[in-house]
Amino acid sequence: DGHLLLPYSTFKSLPDNLKVKGDLFLYNSKNIESLPEGLEVGGTLDISGSKITSLPKGLTVGEYLFFNDTNITSLPKGLTIGSSLDLSKTKITSLPQGLKVGINLYLYGSKIKSLPKGLEVGWDLYVGGTKLEKYTDDEIYGIIENNGGQIRGKIFR
């Protein structure tokens with residue numbers, strides 16, 4: 001089934017251009033400080049509670065990305081998440097240009113203040129408790145569309 005489950009791992013690194021068909025679990029792995037360039041995960045990537053401080057360029061995650069309780073403060077340009085991305089309990093302050101989220105983007109209570117160029121959200125956008133809440137739904141749809149992006153669903157507050 002192609003899963004790589006290494007929670008609480010003592011590994012220090014992973015090979016470059018690693019491709020995992022299923023899930024990659026590295027939560028609470030205290031020795032891995034970075035992910036390899038060219039990493040592709042077909043399922044869920046969970047690095048919560050790890051020492052990882054940044055995500056590599058070209059990262060592709062087929063389902064969910066979890067990185068609560070990390071010191072990651074930014075996302076790489078062109079990040080693609082196949083399912084949902086929840087930034088509500090993260091230190092992320094801005095979204096990268098060209099972010100693509102297949103289903104839902106949760107920004108509840110995050111520090112996000114603006115929406116980037118090329119943002120694509122497959123279904124719904126959740127903005128409650130953010131600086132984006134000051135905009136009307138029509139204004140948010142307009143910002144996304146005027147920046148070359150799209151949202152197919154609703155905006156929730």
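**Charge, fold and local surroundings**

A: We may begin with charge: the chain carries 18 positive and 17 negative side chains, and 7 Å separates the centres of the two sets. Please keep in mind that this is a predicted model.

Q: Which secondary structure elements does the chain have?

A: The chain has 15 strands and one helix. Its radius of gyration is 16 Å, close to the 15 Å that the globule rule gives for 157 residues, so the chain is as compact as a globular protein of that length. Along the principal axes, the C-alpha atoms fill a box of roughly 50 × 25 × 20 Å.

Q: How are burial and surface described for the chain as a whole?

A: Of the 157 residues in the chain, 45% are buried. The chain exposes about 8,000 Å², and 48% of this area is supplied by carbon and sulfur atoms.

Q: What share of the contacts with a separation of 6 or more joins residues 24 or more positions apart?

A: Such pairs account for 13% of those contacts in the chain.

Q: Where does Ser 29 lie, and why does it count as buried or exposed?

A: The general idea is a cut-off: a residue is buried when its relative accessible area is under 20%. Ser 29 has a relative accessible area of 0%, and is therefore buried. Its place is in the loop between strand E3 (24-25) and strand E4 (40-41). A polar atom of the Ser 29 side chain lies 2.9 Å from the backbone oxygen of Leu 26. Leaving aside neighbours within four places in sequence, Ser 29 is in contact with Leu 6, Pro 7, Tyr 8, Ser 9, Ser 50 and Lys 51.

Q: How is Ser 48 classed, and which residues is it in contact with?

A: Ser 48 counts as buried, because its relative accessibility is 15%. This residue lies in the loop between strand E5 (45-46) and strand E6 (60-61). Beyond its neighbours within four places in sequence, the contacts of Ser 48 include Tyr 27, Asn 28, Phe 66 and Asn 68.

Q: What are the place and the accessibility of Asn 68?

A: Asn 68 is in the loop between strand E7 (65-66) and strand E8 (80-81). With a relative accessibility of 25%, Asn 68 counts as partly exposed. Apart from neighbours within four places in sequence, Asn 68 is in contact with Ser 48, Gly 49, Lys 89 and Thr 90. The C-alpha atoms of Asn 68 and Asp 46 are separated by 8.8 Å, the two residues being 22 residues apart along the chain.

Definitions and conventions. Residues are numbered from 1 along each chain as its sequence is written. This is a predicted model: local features need pLDDT of at least 70, side-chain atom pairs count only at pLDDT 80 or more; totals for chains, interfaces and linings use all residues. Side-chain values use heavy atoms; hydrogens and water are left out. Helices (H or I, at least four residues) and strands (E, at least two) are DSSP runs, numbered from the N terminus. The radius of gyration is taken over C-alpha atoms; the globule rule is 2.2 Å times the number of residues to the power 0.38. Buried means under 20% relative accessible area, exposed over 50%, partly exposed in between (1.4 Å probe, protein chains only). Contact means heavy atoms within 4.5 Å. Accessible areas come from the Shrake-Rupley method with a 1.4 Å probe; for residues, only the protein chains shown count as cover. Lys and Arg count as positive and Asp and Glu as negative; His and the chain ends are not counted. The place of a charge is taken as NZ of Lys, CZ of Arg, CG of Asp or CD of Glu. A polar contact is a pair of N or O atoms within 3.5 Å; within protein, one must be able to donate a hydrogen and the other to accept it, and residues adjacent in sequence count only if both atoms are side-chain atoms.
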